[in-house]
Amino acid sequence: MSIWRVACLVARKDLLVERRSRVVLNQVLPFAGVTMVIFAFALDSDAVLERVAPGLVWLATMFSLLVLVQRTFAIETDDGALDAMRVAGVDPRAIYLGKAMGLAIELLVLEIVLLFAAVILYRQTVPVDGIALLAITLLSATCGLAAVGTLYGGLAAGFKGRETLLPLLTLPAVAPVLIGATRAVEAALGTAGAVVSDGWPWVGLLLVFAATFGVGGSLAFGPLIDE
Amino acid sequence: MTTTDSNPASVEVDPSGRFAGTGTRGTRILGSMTVVAMVWLVAFGLGFSPADRDQDEAVRIMYVHVPTIWVAYMSFVVTAVASGFYLFGRSKALGWDRLAGASAEIGTIFVAATLVVGSLWGRLTWGVFWQWDARLTTTALLFVTYIGYLAVRRLGGSHQQRARRSAVVGLLAVLLIPLVHWSVRLWRSLHQEATVLDTDGDIDMDGLMLFSLFVGVVAFTLFYIWLVLHRTRVMAMEDMMDDRGLDLALASRRAEVVPTQKLEEN
């Protein structure tokens, strides 16, 4: 079986587990929603909220990413499933790509919900000419986040103190995504007078980031979990 | 023995099998040179070099700030190279791993020193402790990234597991830093442009100031090498103690079993 076929099976398994357990739906989405509400308490100004809304959407996404990564590896390590897959001779690159694909799909759903929340809570509007930029930004940023999250999630999985190690490793690593995706979404939504053409260089950054960590992660994942 | 590296050559062991310490003749000479260079730096940095036209006395902070960040960058390069040698080399010698770890530890301390000293300089020159400019922000993220690397080193497991994991993270950090720098640079840039390593190749600085800076770089580089040598040896000792502890535990377990067997035989 090709790597991609195995990766799709791993992703399908993860999504199936999620569909049956509904942890993302019942816990992670509400968590992200609460984050959006408490940002409003902290900033306490409609004008400021409207200005910083794209950044808050991505910040809520990053926090949720940490929870999602913990979850996606908890289902593997609890029953030693990761070891079982390795013993069964599954290519670690396929495991990495599969887990990243499953995570990316969950993240994408979460981001779309958060954007809706921003439209309602933070009074954002989505102009028609910004839709293409918005869609490509969401896709490229999600790939980058999933690549980093899966890599460090796999590294920390199965160790004591993983809950605290994961944010320490992940948040500095995804800082470029936070910067790039925030600026690109600002351009797509026209926040603070930004125009759509301002957003494309940031998409370039997001794509380079996703490609770098996608390739680096799939090569590094084997040595990391092969223990 | 549980690992392949039971007798690191760099640690002095006296004939009775006890460790004699991490100092050797070489490190003692190096340490003395470091002390001399530091005294020299204090003399030039605080005494002989003039105050700056614009920055006044605050310029003296540069004689620590610039050398510490240069040495920090160098130590992270050493970490990356040693990680690469460990991961791609055939021998899988733990010496490379210990060099990478020691270098990262010292580099992290030097980055912390750079950030503290730089923020003091910023307060005097810019009027604020922190500016959200590209180089400062990248340096802060670099600091956190290597704290993460050091945390990964303490995850546990065998020495070879630790070495493999941290080598991967050490190499990933090298991928990450240019991306962070690029993104933050796009985000904003205010920092004073590099004066010594300017793109036109001309050095635009007072002679005595430049010399003091040079003394600083020499002093801190010697200090770095001295620290790395000692830290690598301490790490070798820690690894040996881990192995020996396991061997002792196994031996005492065997000793418990043997008398029982003898009793059964009788």
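How many residues has helix α5 of chain A, and what distance does it reach from its first C-alpha to its last? In this predicted model, α5(A) covers residues 92-121, which makes it a helix of 30 residues, and its first and last C-alpha atoms lie 42 Å apart, close to the 44 Å expected at 1.5 Å a residue. Just after α5(A), the backbone at A:Arg123 takes a positive phi of about 55 degrees.

A helix of chain B, α5(B), can be examined in the same manner. Helix α5(B) runs over residues 159-187, and at 1.5 Å a residue its 29 residues should span 42 Å, which agrees with the 41 Å that separates its end C-alpha atoms.

Packing between helices within chain A is illustrated by α2(A), residues 23-43, and α3(A), residues 46-77, whose axes are 9 Å apart and form an angle of about 145 degrees. The crossing in which α2(A) passes α3(A) is right-handed. On the side of α2(A), the residues that meet α3(A) include A:Val24, A:Val28, A:Phe31, A:Phe39 and A:Leu43, while those of α3(A) include A:Val52, A:Leu56, A:Phe63, A:Leu68 and A:Arg71. Classified by residue type, the contact of α2(A) with α3(A) consists of 17 nonpolar, two polar and one charged residues.

In chain B, helix α3(B) takes part in two packing arrangements, with α2(B) and with α5(B). The axes of α2(B), residues 62-88, and α3(B), residues 94-125, come within 7 Å and cross at roughly 155 degrees; the two helices are therefore roughly antiparallel to each other, and their crossing is left-handed. The residues that form this contact of α2(B) with α3(B) divide into 19 nonpolar, nine polar and one charged.

Against α5(B), helix α3(B) packs at an angle of about 55 degrees, with the axes 10 Å apart, which means that α3(B) is oblique to α5(B). This crossing of α3(B) past α5(B) is left-handed. From α3(B) the contact draws on B:Leu94, B:Asp97, B:Ala100, B:Gly101 and B:Ala104, and from α5(B) on B:His159, B:Ala163, B:Ser166, B:Ala167 and B:Gly170. By class, the residues of the contact between α3(B) and α5(B) are five nonpolar, four polar and one charged.

Between the chains, 19 residues of chain A are in contact with 24 residues of chain B. On the side of chain A that touches chain B, the elements that contribute two or more residues are α7 (162-173), α8 (175-189) and α9 (200-225) of chain A, and the largest share, seven residues, is supplied by α9(A). The side of chain A that touches chain B comprises 15 nonpolar, three polar and one charged residues.

How values were computed: Residues numbered from 1 in each chain as written. Chains lettered and ligands numbered in written order. Predicted model: local features only at pLDDT ≥ 70, side-chain atom pairs only at ≥ 80, totals over all residues. Contact = placed C-beta atoms within 7 Å. Helix = DSSP H or I, 4+ residues; strand = E, 2+ residues; numbered from the N terminus. Nonpolar A, V, L, I, M, F, W, Y, C, P; charged D, E, K, R; others polar. Axes fitted to C-alpha atoms, helices over the stretch in contact; angles between N-to-C directions. Parallel < 35°, antiparallel > 145°, perpendicular 65-115°, else oblique. Left-handed = near helix turned anticlockwise from the far one by under 90°. Expected span 1.5 Å × (residues − 1).
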